[in-house]
Amino acid sequence: MSRLLIKGGHLLDAAHQVDGVRDVLIVDGKVQVSGEDGADLIDATGCWVMPGFIDLRCHVRGKGDLAAAMQGGFTTVVCTPESAALTSEDVRVIRAGYLTHLDGQELGDSPKDYSLLSNGFRPVSDAGLMRRALQFCAQAQTLAMSHAEEVNLSGKATLGEGPTADRLGLASSPASAETVAVARDLLLLEETGGRLHFAHLTSARAVMLIAEAKARGLKVTADAAVAHVAFSDELAAGYNRAARVKPVLRTRTDRAALLEGLRSGALDAVASDHFVRNALDDEEPFEATAPAHASHPGMWRALLGTGLSPPIVAAVLSWGPARVLGIDGGHLAPGARGDVTIVDRETAQVRYVISAGKMQLGARKESR
Amino acid sequence: MKLRHLLAIEGMRREEIEALFSAAARLRQAGPTAKPLAGQTVANLFFEPSTRTRASFELAAQALGAQVLNWSAQGSSTTKGETLLDTVRNIVAMGPKVVVIRHPLSGAAAFVAEHVQCAVVNAGDGQHEHPSQGLLDGFTLHNRLGALSGKRIAIVGDIRHSRVARSNLHCLTALGAEVVLCGPPPLLPAGLAACGARVICDMDQAIEGADAVMMLRIQKERQAQGLLPKPEEYRRRWGMTQARAAKLKETALVMHPGPINRGLELDGEVADGPRSLVLEQVRNGLVMRQAILEACA
């Protein structure tokens, strides 16, 4: 029997409104109330103890990406359908299937074979095809994930519309490139039924559309990616490559609305959109580089830096995404999966990651 | 006057711009008395077709005693399988004192400057800036109008895609002029108001009281993209027609960076008329580029 007692930490468990010092006991991979005799001890004094983080979207090319996820405190990741087919003993990997074929008019993978279907960072431009894909997902009770982008409005944009793009001479994309597509998919969902999740929303107006749809009772959820929560378009000044992300960064006002959406619950989660830059891209100017953001390792710190409170950040990284996916995890009540992320309150460093009761990060340090 | 690079006018101080104007005035008056680039190479690295800017830089470099290495890439470097930095490393290995670069992507010149030791002069990067053009236009206006403080200059045309417009905007506002940007709505980025411009769609309103009007070249392919109305309507609403020129202030000047679409953005009669500075811009381009290369030498 494996027993692990996490002692003295400050537990943040949004699902049960826990925000205080509590010990957590994990027996044989599950959270338990009793049986701490002979358990290995983790001293979590001065740390936040949270349900293992869950990432709604990342692009996995190799083992290094999963290691990065672990370093960032993630115990579950959903990878894009284009990701390498990797499994891991440390991190639970959920692979999204294709919602549609990336080119052409055909449906993608069978919704029966996947818990969610998505086209990753690409939109389904054909409304008729999207409607049919939603119908099949609804019937199979599979979650559909939408990258909302009207390509006739976004064009070759590398930044959101605004003074920064205008000054730098960068092709820019208006917020309507997102909102038109969000509105379209919401209207389709009204007809098809089923559950739809919007990936990496960037604009204030899109957050409003989601809030309205939720108020109407539509089964819709949405996330923002950490880049858009942490940065606005001004980051691109001087052609800073860190600003070359997809979807494009938008204005301060939009960013403020994303933060407010995370506080109010209009947005359910923050995803990493982790995508490591190709080394060749360092050889070309801003506009010729592919969008990327190696965001996994610094997620907690980046989100705290936005001014969101630790309980909110914990929630949008665990309970929020768990509910979107409808999976076990994301909370630490007795019986829950023993996925725990422990972060130093002072340094914001991820100190321990426990996946299904097994110490995956920080173990060596402790045994010394 | 010394320049490490010339990448953009945005961020340049008024004194730096005026020092380049003084140098250009001296060079126009007396010609290049010394040969500060004797025995040196200036590399013209053009990733986009160009005739006049390239010729102008070439003559300017020769006037200062430099030999010129002309390197043009058909299409982008990536279509040839070589990265931009690899191309630049190859050029730099030939030991130029200055690299003059034109590239279709915004930010390309600054990107190259981060990776080389020699001076880099931006001869146009995408839709960002064309600083030598901005400086020669400012110099031309300064010669005709005197101090530009309080003068009103309208720039009319495809502002969105124009690096000339951005460089002129930064140059003229640094010198205290009032800049009005004007063009069809899809080509008129409202965000440039944050750089100190007035942004006005209606041309008659935009050029009212102007001391000079700078017309920009219209690229006809924009019409196929639905960004422009038909040529006749464009001319009627945003062209410098003879009728419109007649309503300008008597002393008002008309400019164009070339090449001109006669009868579209600028009527031939105006381009050839007494208000026109078009050929003076070309002449001043030569001395301004000498001044720039001298400052980088």
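A:Q17 is exposed, with a relative accessible area of 72%, where exposed stands for over 50%, buried for under 20% and partly exposed for what lies in between (1.4 Å probe, protein chains only). The residue sits in the loop between β2 (10-13) and β3 (18-21) of chain A, helices (H or I, at least four residues) and strands (E, at least two) being DSSP runs numbered from the N terminus. Phi of A:Q17 is near 50°, a positive value in a residue other than glycine. A positive phi, near 55°, is likewise found for A:Q141, which belongs to the loop between α2 and β13 (143-146) of chain A and counts as exposed at 73% relative accessibility.

The model is predicted, with local features requiring pLDDT of at least 70 and side-chain atom pairs counted only at pLDDT 80 or more, whereas totals for chains, interfaces and linings use all residues. Residues are numbered from 1 along each chain as its sequence is written, chains are lettered from A and ligands numbered from 1 in the order in which they are written, and side-chain values use heavy atoms, with hydrogens and water left out. The mean pLDDT (the predictor's confidence in each residue, from 0 to 100) of chain A is 95, and 98% of its residues reach 70 or more. Over residues 364-368 of chain A, however, the pLDDT is below 50, and beyond near neighbours in sequence this stretch has three contacts in the model, a contact meaning heavy atoms within 4.5 Å. Where pLDDT is low, the predicted coordinates should not be read in detail.

Between the two chains, 17 residues of chain A are in contact with 26 residues of chain B. The buried area (the accessible area, with a 1.4 Å probe, that two parts lose on being put together, summed over both) is about 1600 Å² between chain A and chain B, with carbon and sulfur atoms giving 52% of it. In chain A, the residues that lose the most area to chain B are A:D166, A:R167 and A:E283, which together account for 39% of what that side buries. Three salt bridges are counted between chain A and chain B, a salt bridge being a side-chain nitrogen of Lys or Arg within 4 Å of a carboxyl oxygen of Asp or Glu. The side chains of A:E283 and B:R89 meet in a salt bridge, at 2.9 Å from N to O. Helix α4 (residues 163-168) of chain A contributes four residues, the largest share of the side of chain A that touches chain B.

Over all chains, the count comes to 32 salt bridges. The side chains of A:R131 and A:E191 meet in a salt bridge (2.9 Å, N to O); because A:R131 lies in helix α2 (residues 127-140) and A:E191 in helix α5 (residues 176-192) of chain A, the pair ties together parts that are 60 residues apart in sequence. A:R131 counts as partly exposed at 31% relative accessibility, whereas A:E191 counts as exposed at 54%. Helix α5 of chain A also holds A:E190, which is linked to A:R216 in the loop between α6 (204-215) and β17 (220-225), 26 residues apart, and the salt bridge of this pair is 2.5 Å from N to O.

In chain B, B:R235 forms a salt bridge with B:E232, the closest N and O atoms being 3.8 Å apart. These two residues are separated by about one helical turn, because B:R235 and B:E232 are three residues apart in helix α9 (residues 231-238) of chain B.
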